[in-house]
Structure formats: C-alpha cells, structure tokens
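Please read it with the structure open.

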Amino acid sequence: MVKNKIEIPFNKPYIADKELIYIARAVMENNHTAGDGPFTKKCQTWLEEKLHCRKALLTHSCTAALEISAMLADIQPGDEIIMPSYTFASTANAFVLRGGMPVFIDIRPDTLNLDEALIEAAVTPRTRVILPVHYAGIPCEMDVIADIARRHQLFVIEDAAHGILCSYKGRPLGSIGHFGACSFHETKSMISGEGGALLINDEKYVERAEIIREKGTNRSQFIRKGLSQYTWVDVGSSYLPSDIIAAFLYAQMENVDQMIARRNAIYDVYWKQLEPLEEKGLIRLPTQRDDCFRNGHIFYVITGSLRERIDLASFLKDRGISAFFHYVPLHSSPAGKVYGRTCGTLEVTTAISNCLLRLPLYYAMTEEDVQAVVGAIMDFYRVR
Ligand SMILES: *Cc1c(COP(=O)(O)O)cnc(C)c1O
C-alpha cells in the first residue's frame with residue numbers, strides 16, 4: 001500500500017520571531033535558566049494585565065496548574081469534583097491525585113460545554129468543586145455556574161486550556177472562577193512547547209499557591225521580603241518552568257494578537273463556506289456567540305454518525321488532509337471507570353465523541369490550504 005503524503009497537516013506550531021533571541025538573552029545576558037527569572041516575571045505581568053486576574057503563576061503545564069488548584073481547594077479523599085466527561089485526562093487526574101472523585105455530567109449539544117442545568121442534580125454533601133472546561137475557547141455559562149457555586153459553597157476552577165484571551169461577557173476566561181488553568185502546550189494556540197499558567201482570582205490564595213509551586217517552601221517570600229532563610233512549610237511540588245521556556249513564551253505573547261486574528265480569519269472562512277452544508281442538515285458547525293471573544297483555537301464539524309465521521313476523515317486523508325477527532329469520554333476510559341462516576345446518561349457526550357471531526361487550523365495555513373479542505377468536504381457530501 002502506498003502511504004498518502006499528508007500535504008495539509010492538522011497543526012503546525014506557531015513561531016512568532018524572537019523566540020530564539022529571547023532564549024539567548026535568558027542564557028547569555030540574564031544568566032538565569034532556572035524558574036522565576038526575568039522572562040517569567042514578564043510573562044506573569046502580561047497575563048495579569050491581559051486576563052485581569054489577581055495573580056498569574058507560570059507552571060510547566062496546564063496539568064500542573066490544575067494540580068495546584070486541587071491543593072488550594074484542599075481536596076481530600078472522597079471529595080467530589082463535578083466536571084464534563086468530554087475533556088482531556090488532566091482535568092480529572094489533577095484531582096484524582098489528591099484522592100478526589102470526578103463526577104461526570106453531560107455536555108450541552110450546542111457549546112459542547114458541561115450542561116449547567118445538570119450541575120445541581122450532581123451536588124452531594126461531598127461536592128467541593130465545579131470544573132467548567134471552556135471547550136474550543138467557547139465559554140461555559142459562568143453566571144449560572146457562579147450562582148450554583150455560591151449557594152452550595154463550592155470552588156469554581158476553570159480549565160481554560162483552549163481559551164487563551166477568550167472572554168465571557170467581557171471577562172477573560174480563567175479569571176472568572178476561583179482559579180483558572182491555561183496551557184501553552186505545542187498543540188494549543190500560544191505555545192512554549194510544554195507550559196501553562198495558574199490564574200488566581202482571590203488574593204487570599206496567592207501566598208499558598210506560591211508555596212505549593214515552589215516545592216512547599218516559602219522561597220518566594222524569602223526573596224520578596226528578604227527573610228534570612230527559607231524552609232519547608234507546606235505540601236508542594238516542583239511546578240516552575242525554566243526561564244528558557246518563559247523566554248520562548250514571551251516572544252509569542254508579543255505577537256499573540258496577529259496570531260489570533262489569523263486563526264479567526266481561517267475560522268470565519270470555514271464557517272461561511274461550510275454553512276450551506278449545515279443549512280441542508282448534513283453537518284453541524286460550532287456555535288457562534290456574539291457576547292464572547294473567541295480565539296479560533298478549534299474548528300470542528302459534527303457529522304451525522306460515527307460511520308460518516310470515519311468516512312469523511314479517510315476521504316480527507318486521501319486528499320492529503322489530516323483531520324483529527326477527540327476525546328474518548330473520560331467516563332468510558334479505563335481510568336475513568338475506576339476513579340470517577342457519572343451522574344445522568346451522558347448521551348450527548350457519547351454522540352459528540354463519535355461524530356466530531358476537527359479540521360486543520362494553524363497560523364501558517366494558506367488560503368489555498370483552507371480552500372482545499374472546504375472543497376474536499378463539499379465533494380464528500382456531494383457524492384453521498
Ligand atoms: C491540553 C489540555 C490540558 C492539559 O494541558 P497541558 O499543558 O498539556 O498539561 C488540560 N485540559 C484540556 C481541556 C486540554 O485541552
């Protein structure tokens with residue numbers, strides 16, 4: 001069998017321009033390659049200004065930011081965390097590591113975010129956290145979620161891995177709940193290879209977050225307040241990225257607006273040109289919201305069946321176009337069955353997991369690339 005040469009990959013990581021220059025500066029001029037150096041400070045200030053959070057702390061991943069959140073929420077064995085099943089493993093794992101029990105509820109068929117109307121039925125005396133995941137950077141219904149959390153005294157921890165610079169009614173994602181977690185993994189929009197950030201929106205958690213992130217020591221206060229020594233004061237781990245990583249990330253931050261503008265332009269072309277297929281009832285497209293800024297992180301189509309999704313993906317592959325699907329719902333995954341439980345039927349989750357197909361979308365995509373993808377999808381539905 002001749003292997004198809006993939007001409008339009010699913011993703012090409014965005015490179016701004018000064019990444020290597022800043023890395024050279026971190027190494028040669030700043031002489032600071034450990035964490036919390038000058039570039040880390042620049043990145044944190046950038047996040048605090050752009051996302052209006054009280055404090056931003058760079059981490060080595062979004063997973064790490066979620067793990068710190070679980071410690072800040074003081075998750076104890078048996079505590080329950082209400083979350084969607086349609087998400088990445090880290091959303092659940094960060095809490096399972098503390099002995100927490102993910103309680104999976106279904107998603108909305110329009111935004112693919114956890115269905116806020118199902119949250120209260122899942123609340124028990126052990127519930128500690130509501131964990132909204134802003135899928136594709138489209139916001140969850142945060143006003144409703146905040147109201148439920150207030151009435152039941154729960155933490156709201158946002159998984160904003162897809163949602164850098166997206167907003168909900170003018171409020172940046174990640175800065176609405178108690179804590180928010182960002183990802184700068186290579187597969188995301190603004191990247192540093194591996195990378196993430198914890199956003200803290202309430203002053204009272206900042207000091208403990210710094211301690212947990214610094215191996216459970218009070219090193220940050222030691223530096224800031226000039227204490228005579230620092231020591232082990234709490235649980236914690238090593239969650240800091242090297243300043244080399246922060247240098248790379250800062251170059252991306254400087255160019256993020258142009259990167260997002262390009263992604264959104266591609267997203268708009270997909271949307272406009274595929275809309276006729278949606279009008280004919282052949283596919284479904286992402287939900288547009290006028291009250292929210294989006295970052296064009298993910299564009300997907302929802303096919304009529306699992307069979308159709310498989311056929312469409314292989315039709316695109318024959319044309320040299322790589323399209324991916326995700327997620328295996330956590331409640332049906334091997335670990336999810338052991339460590340979590342469900343509330344309700346999760347039928348929307350299962351259907352979306354079977355029928356969603358993500359299209360290539362990256363900064364360096366040309367107009368011709370986009371037209372090739374659209375043309376192939378049109379052809380697929382024409383011959384059917
Ligand atoms: C990518 C992703 C994560 C994990 O991000 P890392 O930075 O790789 O740890 C968590 N949640 C969601 C929804 C993601 O897409």
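The model is predicted.

- Domain 1 puts 47 residues into the contact between the two domains, and domain 2 puts in 36 residues.
- About 3,400 Å² is buried between domain 1 and domain 2. Carbon and sulfur atoms supply 59% of that area.
- Polar contacts between domain 1 and domain 2 involve 20 residue pairs, counting residues at pLDDT 80 or more.
- Two salt bridges run between domain 1 and domain 2.
- Asp-257 and Lys-50 form a salt bridge through their side chains, at 4.0 Å from N to O.

**The side of domain 1 that touches domain 2**

- The elements that give two or more residues to this side of domain 1 are the helices α2 (38-51), α4 (89-96), α5 (119-122) and α9 (243-254), together with the strands β3 (101-105) and β6 (167-168).
- The element that gives the most is β3, with five residues.
- By residue class, this side of domain 1 holds 26 nonpolar, twelve polar and nine charged residues.

**Ligand site**

- There are 15 residues around the ligand. Those that come nearest are Thr-63, Asp-159, His-162, Ser-183 and Lys-188.
- Thr-63 places a polar side-chain atom 2.5 Å from an oxygen atom of the ligand.
- Lys-188 also faces a ligand oxygen atom, with a polar side-chain atom at 3.3 Å.

- Side chains of opposite charge can pair when their charged atoms come close.
- The structure as a whole has 24 salt bridges.
- One of them joins the side chains of Glu-203 and Arg-54, at 2.2 Å from N to O.
- Glu-203 and Arg-54 link distant parts of the chain, being 149 residues apart. Glu-203 sits in the loop between β9 (196-200) and α7 (206-213), while Arg-54 sits in the loop between α2 and β1 (55-59).

Note on methods. Residues are numbered from 1 along each chain as its sequence is written. This is a predicted model: local features need pLDDT of at least 70, side-chain atom pairs count only at pLDDT 80 or more; totals for chains, interfaces and linings use all residues. Side-chain values use heavy atoms; hydrogens and water are left out. Contact means heavy atoms within 4.5 Å. Buried area is the accessible area (1.4 Å probe) that two parts lose on being put together, summed over both. A polar contact is a pair of N or O atoms within 3.5 Å; within protein, one must be able to donate a hydrogen and the other to accept it, and residues adjacent in sequence count only if both atoms are side-chain atoms. Helices (H or I, at least four residues) and strands (E, at least two) are DSSP runs, numbered from the N terminus. Ala, Val, Leu, Ile, Met, Phe, Trp, Tyr, Cys and Pro count as nonpolar, Asp, Glu, Lys and Arg as charged, and the others, Gly among them, as polar. A residue is near a molecule or strand if one of its heavy atoms lies within 4 Å of it.
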